[in-house]
Every structure is written in C-alpha cells, then in structure tokens.
Amino acid sequence: MTDQSPASLRDLLVDRLHYSDLAPPVRELLRELVPEEQARSGGGRVGPVQLRSITAAGWRGIGPRTTLELPPGPGLVIVAGPNGSGKSSFAEAAETALTGRNSRWDGRRATDWQKGWRNLHSPDVTPEVSLVLSVGERGEAVTVRRTWHGTKVDEARTRVEGPDGSERKLEEVVDAEALDLSRPFLPYSELGSMINGTLGGLHDAFFKLLGLELLAEFDARVKDTVSGCKQTVEHTDALTARLLDELGTLDDPRAREAAQALSTAKPDVGRVRALLARRAPAAEAELGRLRQQATLAGPDPAEVGGAVARLREAAAGAEEARYGSAEEARRLAGLLEAAIEHQRRSRGTDCPVCGAEDRLDRAWAEQARREVERLQTAAADAEAARQKVAVSVRAVHDLVQPVPVWLRGEGSPLTAVWQEWARCRDVAHPRELADRVERAAAALDDTCRQVREEAARRLAEHDGAWQPFAVRLAAWADAAEAKEAAVDRGKHARKARTWLRPIIDELRDERLRPFARRSQEVWRQLCEHSSVTLGSVTLGGTPGRGRVVLDVSVDDMSAPAYSVMSQGELHSLALSLFLPRATHAASPFGFLVIDDPVQSMDPEKVEGLARVLDACARDRQVIVFTHDTRLQQAVAHLGIKATVLGVSRQTDSVVGVETLTDPVEQALGEARAVSLDPGLPQDVADHVLPAMCRVAVEAACLETARRRLRDEKGLGLRAVEERVECLDRTKSYAALALLGDEQQHARAAVEWICPGGWALIEVFNSGAHTPLPTVDDRKDLVRRTRKLATAIRGSARAQLTGGAR
Amino acid sequence: MSTSPEILVKAADRLLLPAPGTVPTLGPGLRARAAAVLLRMALDRALDGYWQRVTPSMTRIGKHRMLCLEWYAGHDTARRCRTTWSALSTACHYRAGELPPTTAEIRTRLPEVTTLLAALRERPDTVSAASAADT
C-alpha cells in the first residue's frame with residue numbers, strides 16, 4: 001500500500017482552483033488563504049525498528065526480572081498463557097517503555113491502575129521495564145529502559161543505550177510523531193472501546209498520517225475569514241445603531257446631519273467624513289479661545305483685600321506721625337543736645353540763646369535730656385510709618401497685572417475692566433490707591449467669573465456633546481468602510497467555503513482510500529460470513545473535529561456499528577482499523593503488539609485472524625498475546641509459521657517464559673507424527689517426509705541467517721530480508737545461515753557442526769530419495785533432521801559467545 | 001459407501017436451510033450438528049477418492065492424510081482442508097456445558113466444503129509437490 005501521493009496537496013488544490021468556475025475575487029481570496037506546504041518529518045527516518053526482547057521487573061504481574069526473547073526478523077509470535085500469567089504485563093511493559101505511558105492510564109479506572117502498577121510480591125525488586133530494539137541500517141541493539149524513582153507511575157525516567165552502553169536520545173531512535181501516528185500497540189482496553197471511544201482520535205491520526213493537516217488549516221483559514229467578516233459587519237451595525245440612538249438626543253445641526261447620513265439603508269460614509277472635515281479648523285480656533293477663557297484668572301479677592309487693608313493701616317499710622325513733625329523733633333533734639341553739651345562744658349547757668357540767668361541748672365539738664373530722648377523716639381516712629389506706607393503701596397501695585405496679551409486687541413467689556421485695573425498701578429497716594437484697587441479688583445473679579453462661566457458653558461456644549469460624537473463618527477466612518485470591504489470578502493469567503501468543502505472531502509477520501517480498502521479486506525477476512533458488512537471507511541465531520549465514519553450494514557440495512565455488532569465483531573472492527581494504520585508503508589515500526597484479540601471471537605473469526613496476522617507477519621514482527629488456545633490451534637491447522645512462547649506464573653509473581661513451538665518445531669512435529677504412522681504407504685512416505693524435513697531445516701537456517709546477518713554482519717532489517725528472500729535451495733539456506741554468504745559452499749561448515757548433515761541436505765534436494773520402507777527408517781530421518789536443525793540454530797549463538805570454529 | 005460427497009453436501013444444505021413452506025421437525029441445534037456430520041463425511045469421502053487415485057492403501061488417520069495432502073494438492077488446499085475438517089469435527093461432538101453449533105455457523109462452512117470438493121477432484125500432482133513446500 002502506498003500513501004505517498006506523487007502530487008502535493010497544495011499543488012492539487014491550486015490546480016483545482018485554477019480550473020474552477022469561481023468568480024475571480026473568490027479565487028483570489030482562496031489563493032491568498034491556501035497555506036504553505038509544511039515540511040514533514042519523514043517517517044522511517046531511522047529505518048524500521050523491531051523488538052529483540054521485552055523485559056519487566058517488579059511490574060504489574062511480574063515479580064523478579066523476566067525477559068521475553070523474540071525471534072529475529074519478521075514473523076508471527078504468539079505469547080500464550082493462562083489468565084493472570086503476566087502476558088498483558090509484558091504487552092504493557094513494551095508500550096510503557098517505549099511511549100512512557102500506557103493507554104490504560106487514560107481509562108476510567110485509571111486511578112486504580114496507576115496505583116497498581118507495581119508488583120506486590122516483590123518489594124525488594126527495583127521496578128523496571130525495558131525493550132531491546134533492533135534499530136537502523138545496521139540493526140543495532142538499542143536498549144530503552146524505564147526505571148522508577150518514586151511510587152507514582154509517572155515518577156520515572158527513560159534511558160536509552162546504544163550497543164556499547166553509550167547514552168542515546170529516544171528521539172533519535174524512535175520518531176515520537178510516528179509513534180503517535182502509526183502506533184504499533186493495540187492494547188486490549190482499546191479493542192472494545194475503539195468504536196465509541198477513539199474514532200475521533202483515529203480520525204486525527206489518519207488525518208496526520210495522510211498529510212491532510214494542510215486541508216484542515218486551509219479550511220480553518222477560510223472559516224476564520226467568514227466569521228471574521230461576519231464579526232466586522234455585526235460590530236459596525238451595532239455601532240451604527242448605538243450612534244443613531246444617541247445622535248437623536250443632541251440638539252445640534254451637525255448631529256441631525258450625521259443622523260441623516262447614518263439612517264439610510266447604506267450609511268453615507270462620505271457625507272459623515274465631509275461633515276467632520278468642514279467643522280474642524282474653525283471650531284478648533286474657537287475652542288482654543290474658549291479654553292483660554294475658561295481658565296481665565298483675575299485678581300485674587302482675598303489677596304487684594306489683605307493688601308488693601310494693610311495699606312490703609314499703614315496710611316493711618318503715617319498720618320499720626322507725619323513726616324514733618326519727625327523732622328522738627330529731630331532738629332529740636334539736636335538743639336537741646338547742643339545746649340546740654342554747652343552747659344556741661346561752660347558750667348554756666350545762663351541761657352546763651354535768650355540770655356536768661358540761672359536757668360541752665362542741673363534740673364534743667366535732666367529735663368532737657370529726657371526731652372531729647374522723647375523727641376528722638378517720635379522721629380524714629382514717624383520714619384517707620386513712612387517706610388511702611390511705601391512698602392504697602394508697592395505690594396498693592398505688585399498685585400495689579402497688566403491686560404493679558406490675548407485680550408489686548410479686543411474691545412470687550414472685560415478688556416475695559418482689566419485696563420481700569422491695570423491703571424491702578426499709576427496711583428501713588430495710599431488712600432486713593434486703596435479705594436481704586438478695591439473697586440477695580442471687585443469689578444474685574446466679577447467680570448472674569450462671568451467670562452469663565454460663559455466659556456465653560458460653551459465649552460461643555462462643544463466638548464461634552466458634539467466633540468465626543470465627532471470622534472466617534474470618525475471611528476464609525478473607518479468601521480463602516482471596513483464593513484463594506486468585509487461584506488464583499490465575507491460573501492467571497494462563503495462561496496469559497498462551499499466550493500472547498502466537497503473538495504476537501506474528496507481529497508481526504510481519495511487519500512484514505514487505500515487504508516479504507518485494507519480495512520475492508522481485513523474485515524472480510526475476519527468476518528467473511530457475518531451478516532454485518534463494513535462498507536466505506538471515510539473521514540467525516542469537519543477537520544479537527546472529525547471522526548472516522550464507518551458504513552456498517554446488517555443484511556443490507558445500514559446501522560450504527562456498536563449497536564449491531566457482537567463483541568467479537570467489535571474486536572474485529574478494531575483490528576480492521578488498527579492494522580492498516582500500523583502497517584502502512586511509511587511506518588518506522590517493523591513490529592505490532594496486539595493484546596488478546598482472540599477473546600469473544602467465534603472459531604471462524606479466529607481462523608480469519610490467524611490468516612490476517614500471517615499476512616502482516618510476512619514483513620513485520622507480529623506479537624500477539626492471548627490466553628486462548630484457539631489461535632494456536634488455528635495456526636497449527638492452517639500451517640502458519642509461528643513461534644509460540646508460553647508464559648506461566650508460579651507463586652509470588654515468579655514468571656517463566658518458554659518456547660512452546662516455533663516454525664522448526666512445527667515442521668518437525670508434523671514430520672514426526674507422519675513418520676510414526678505404520679499405515680502410511682511407502683510411496684507417500686518417500687514423497688512426503690523428506691519434504692517435511694526440508695521445511696524444518698530451512699526454517700532453522702532462516703532463523704539462524706537472520707540472527708547472523710544482524711549480529712555479525714551488522715545488516716539492517718531491510719537488508720537482511722532482501723538477502724533472505726532470494727534463497728531457493730536448501731544448500732544456499734545453509735550457506736547463508738552458517739557462513740553469512742549464500743554464494744559460498746556450505747558443505748564443510750555443515751559437516752563441522754553436524755557430521756552427516758550434508759548428506760541429509762542432498763537427500764532433500766536431489767529428489768532421488770533414499771527409500772523409507774519402515775517406520776524406523778522414517779523415524780531416523782526425522783531424528784537426523786532434528787539434530788541438524790538444532791546444530792544450525794546453535795551455531796549462531798555458539799559463535800557469538802566465542803565457541804565453535 | 002456409494003453416496004457421493006456432493007449428495008451429502010446437498011443434504012446438509014437442506015438441513016440448514018429447509019425449503020420454504022416446510023416446517024423442520026428437528027431443532028436448529030440438532031440440524032446444525034447433523035449437517036456438520038454430513039459435511040465432514042463429504043470431506044472424508046472426497047479425501048478417500050483423492051488418495052485412491054494416489055495410492056491403493058493410504059493410512060486411515062485423518063490428520064496424517066491431510067498433512068501429507070500438502071505435498072500432493074498444495075499448501076492452500078491441504079491447510080484449508082485440515083482447518084475446515086477440524087472445525088466440523090469440533091461441531092460434531094457433544095460436549096457437556098457447551099452450546100450446540102448454530103446453523104449459521106455450519107452454513108458458513110458449506111461453501112468452503114464445496115470448494116474443497118472441487119479441488120480434490122483435481123489430479124494429484126506429485127511432480128510439483130516439492131515446490132509446494134516453498135509456500
């Protein structure tokens with residue numbers, strides 16, 4: 001089966017688009033939306049991976065460390081054992097080691113399971129699950145080991161080791177994405193639940209597997225465009241309705257005009273834009289002026305009042321002590337001081353000024369001195385009062401501000417009042433100044449307040465009512481234009497979507513077809529005579545939220561799968577869906593692990609299952625766990641080559657593994673049974689027994705050759721199978737098995753490991769058989785064959801351990 | 001011993017699918033088991049005939065006859081023969097505590113038996129027997 005289509009999905013889509021009859025804008029839109037091709041990490045990058053062995057210790061039903069060795073190369077391995085023997089523990093160990101998780105954890109009983117992961121009988125055993133894989137071009141033995149450091153099931157770490165013990169990265173060994181997409185594990189819990197539980201998950205897996213994410217993304221982009229456009233339209237409509245509603249409450253000619261423009265069936269964006277543009281510059285200048293007026297500050301009445309009061313007080317003080325009397329007092333004081341000085345020096349008592357005698361005595365001097373002091377104090381007081389008046393006048397003058405620049409050119413009442421106020425600076429007389437300042441300040445303050453209030457009122461009219469609308473109308477105009485674009489784009493996107501849907505379905509069904517066909521094949525093989533038929537398997541629903549749709553019919557009446565199917569049929573269906581996915585060509589896994597698919601199948605389904613597994617096992621390791629002996633029986637009856645490993649559990653979780661049969665034993669067993677029959681005529685015995693023995697020897701050679709090519713020649717799985725497929729004669733089988741080269745002559749090697757073995761091989765090939773007249777002759781042939789087969793199988797192991805040769 | 005395998009198959013068919021309008025006197029379980037006996041007998045007769053043409057005195061042990069058949073009639077015929085024979089044989093036997101086979105179950109074996117009868121009418125092919133082993 002091929003799933004690598006030659007053309008990329010993107011090219012296919014673009015091609016379809018080119019030949020579609022879509023309108024040009026729709027086509028353009030789709031071209032714009034079609035996603036780029038993503039680089040996909042190639043599945044099978046590291047070559048196929050197979051299992052060499054599964055080991056578990058202290059894990060679930062397994063106590064002491066136990067290893068399940070698997071034969072090399074493709075083939076069917078049945079791991080059989082009674083219920084509770086630890087089979088499923090191995091299956092879960094394999095899945096857990098590789099994926100770090102287990103599907104059982106996700107189920108409803110997950111908590112119980114998560115608690116019970118540890119084996120109860122072996123507290124002293126360190127829990128561990130590990131796998132030895134054959135990886136890559138050289139079939140290297142890589143160990144993936146998961147150990148626990150805590151008591152919870154997820155408190156674990158995984159270590160990956162190469163053949164030389166060096167640490168590797170798990171991603172280098174196993175592609176995590178592939179592990180998800182081509183999951184090689186089918187646990188029992190999923191067999192029954194696939195129909196109602198995991199069809200969605202299966203859909204997603206198929207979707208990725210088939211490289212259909214591009215379709216999903218494309219679809220999502222178109223869908224997003226549709227909903228995005230719809231949102232834009234709805235948003236704008238809501239905006240229009242709200243604006244209209246509120247414009248109605250505004251008493252403004254502009255609002256009425258805007259409302260008219262908005263209420264037409266197709267709102268007139270141009271008109272609104274024109275309205276906004278017309279108003280803008282004039283209104284702006286006016287607004288600037290109003291804003292200035294609104295913040296206009298006149299004189300502070302409290303401050304002015306204080307200054308005027310201080311001025312009046314100073315003026316009153318100065319009037320009491322006039323400047324003139326201070327001067328006079330100072331002069332008089334000077335005169336008296338000079339007289340006292342004269343009296344002190346002359347010691348005369350006559351006044352030198354008026355000539356009166358005996359007046360300038362001691363009493364006079366004391367009185368005159370007191371008078372001098374009084375006069376000096378009075379003079380200083382008058383001086384201070386004069387100073388105080390000057391300061392007060394200056395303070396009042398400082399309060400008076402000139403007319404603001406922006407008011408000067410105006411002939412408004414405010415300017416006149418302000419000029420009157422400014423003129424106060426020219427008044428020097430304290431009383432006059434106080435009176436005028438008081439009047440002018442009161443008048444100016446009053447006028448300023450009126451102007452401010454008026455400006456604020458008009459500003460509020462502008463800013464509070466219209467201005468926000470202007471802003472909103474501008475935003476609305478943008479939205480309305482976006483809406484016009486969105487309406488068209490949305491229309492195109494819807495058309496595009498209608499066109500795209502069937503094409504997506506068609507493309508994905510086309511891609512799925514090989515898988516669907518394979519599912520139907522498997523189903524037919526399993527349920528050949530069931531009244532339930534599996535028709536088409538398609539991917540339904542929208543990408544991302546889809547599920548696998550099964551066309552199930554009972555006696556030609558279609559019906560939902562889970563309601564009409566028996567448990568055995570449900571298991572068969574699960575297998576039908578699991579196998580194509582797990583065995584598709586790009587899967588990097590050369591193995592499948594299936595846990596107990598036989599349960600609840602009737603005998604015929606078991607036969608079908610054996611055939612299906614046999615077909616898968618031609619190029620894959622198929623490891624099937626079962627407690628049911630019917631699969632082994634069917635394998636024996638159908639002559640399917642298989643290795644049967646028996647798992648048995650003794651007390652305390654000690655689990656043993658033994659090989660019950662394998663292709664060599666199968667052939668030898670049949671040959672032995674026939675050889676013991678005394679009723680078998682000689683001609684039949686001569687014809688049949690050497691052929692049966694040959695099958696046994698060739699099976700031994702095949703197993704040995706696979707082991708030797710892998711372990712000694714370092715060949716990868718593919719290379720090994722290519723070599724093995726070319727074998728035709730028993731002699732070349734032996735040469736490849738013993739010497740690793742089918743071209744060489746194997747006689748010496750055969751004789752070395754098993755004297756007389758070469759003669760036996762010649763008996764198989766020549767056709768000129770030695771006659772086998774008696775039962776003893778026949779038993780001897782089978783005995784010699786067993787000896788040779790055992791020697792051949794032992795040779796690879798012996799050489800590895802440095803034994804023979 | 002003269003009844004041909006084809007007549008046995010026809011009888012089995014009638015047991016499994018009674019003609020329209022007739023009411024079968026036997027229960028379905030019994031009819032299924034009887035049909036299984038008839039079909040296995042048919043297969044045995046066909047094998048008898050086959051071996052008669054190969055050798056005058058073939059062993060009577062059914063398993064061995066079918067194991068040897070692989071080297072005369074080919075892997076596929078021999079293995080299908082053995083599988084069908086074993087399944088019919090299981091259906092023939094009474095086992096306590098086990099349900100009898102259903103008619104539907106046995107009916108699915110009938111076309112297989114018919115196919116095998118046709119294959120066993122072919123000439124035994126001893127020349128290519130060796131190559132049959134390779135399959």
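In this predicted model, V532 of chain A stands opposite V554 of chain A, a residue of strand β10(A). Strand β9, residues 532-540 of chain A, and strand β10, residues 547-554 of chain A, pair in the antiparallel sense over 7 bridges. V554(A) also stands opposite M557(A), which belongs to β11(A). The pairing of β10(A) with strand β11, residues 557-558 of chain A, is likewise antiparallel and extends over 2 bridges. Between β10(A) and β11(A) there are 2 residues, and the two strands form a hairpin. In the turn of that hairpin, D555(A) has a positive phi of about 45°.

Taken together, these 3 strands form an open antiparallel sheet of chain A in the order β9-β10-β11. The edge strands are β9 and β11 of chain A, each of which pairs on one side only. As a general point, the side chains of a regular strand alternate between the two faces of the sheet.

The sheet is part of a chain with 28 helices and 15 strands. Chain A comprises 805 residues, of which buried residues make up 49%. Where contacts in chain A join residues at least 6 apart in sequence, 72% of them join residues at least 24 apart.

Salt bridges give specific examples of how parts of chain A meet. A search of the whole structure finds 56 of them over all chains. In one, the side chains of R312(A) and D435(A) meet with an N to O distance of 2.5 Å. This pair links distant parts of the chain: R312(A) lies in helix α12, residues 301-320 of chain A, whereas D435(A) lies in helix α17, residues 430-526 of chain A, 123 residues apart. How accessible are R312(A) and D435(A)? R312(A) has a relative accessible area of 28% and therefore counts as partly exposed. D435(A), with a relative accessible area of 35%, is partly exposed as well.

K388(A) is partly exposed, at a relative accessible area of 43%. E313(A) has a relative accessibility of 51% and so counts as exposed, the cut-off being over 50%.

A salt bridge may also lie within one helix, as D780(A) and R783(A) show. Their side chains meet at 2.3 Å, N to O. Why are the two residues separated by about one helical turn? They are 3 residues apart in helix α28, residues 775-800 of chain A, and therefore stand about one helical turn from each other. D780(A) is partly exposed, with a relative accessible area of 29%. Elsewhere in chain A, salt bridges that share partners join R65(A), E128(A), R145(A), R159(A), E161(A) and E167(A) into one network.

The remaining subject is the interface with chain B. Here 30 residues of chain B are in contact with 26 residues of chain A. The area buried between the two chains is about 2,200 Å², and carbon and sulfur atoms give 58% of that area.

The rule finds 3 salt bridges between chain B and chain A. One of them joins R82(B) to E670(A), with the closest N and O atoms 3.9 Å apart. The count of residue pairs in polar contact between the chains is 12. On the side of chain B that touches chain A, α2 (28-54), α3 (62-73), α4 (75-92), α6 (109-120) and α7 (129-132) of chain B each supply at least two residues. The largest share, 7 residues, comes from α4(B). By class, this side of chain B has 13 nonpolar, 10 polar and 7 charged residues.

Technical notes
Residues are numbered from 1 along each chain as its sequence is written. Chains are lettered from A and ligands numbered from 1 in the order in which they are written. This is a predicted model: local features need pLDDT of at least 70, side-chain atom pairs count only at pLDDT 80 or more; totals for chains, interfaces and linings use all residues. Side-chain values use heavy atoms; hydrogens and water are left out. Two strands pair if DSSP finds at least two bridges between them. Helices (H or I, at least four residues) and strands (E, at least two) are DSSP runs, numbered from the N terminus. Contact means heavy atoms within 4.5 Å. Buried area is the accessible area (1.4 Å probe) that two parts lose on being put together, summed over both. A salt bridge is a side-chain nitrogen of Lys or Arg within 4 Å of a carboxyl oxygen of Asp or Glu. A polar contact is a pair of N or O atoms within 3.5 Å; within protein, one must be able to donate a hydrogen and the other to accept it, and residues adjacent in sequence count only if both atoms are side-chain atoms. Ala, Val, Leu, Ile, Met, Phe, Trp, Tyr, Cys and Pro count as nonpolar, Asp, Glu, Lys and Arg as charged, and the others, Gly among them, as polar. Buried means under 20% relative accessible area, exposed over 50%, partly exposed in between (1.4 Å probe, protein chains only).
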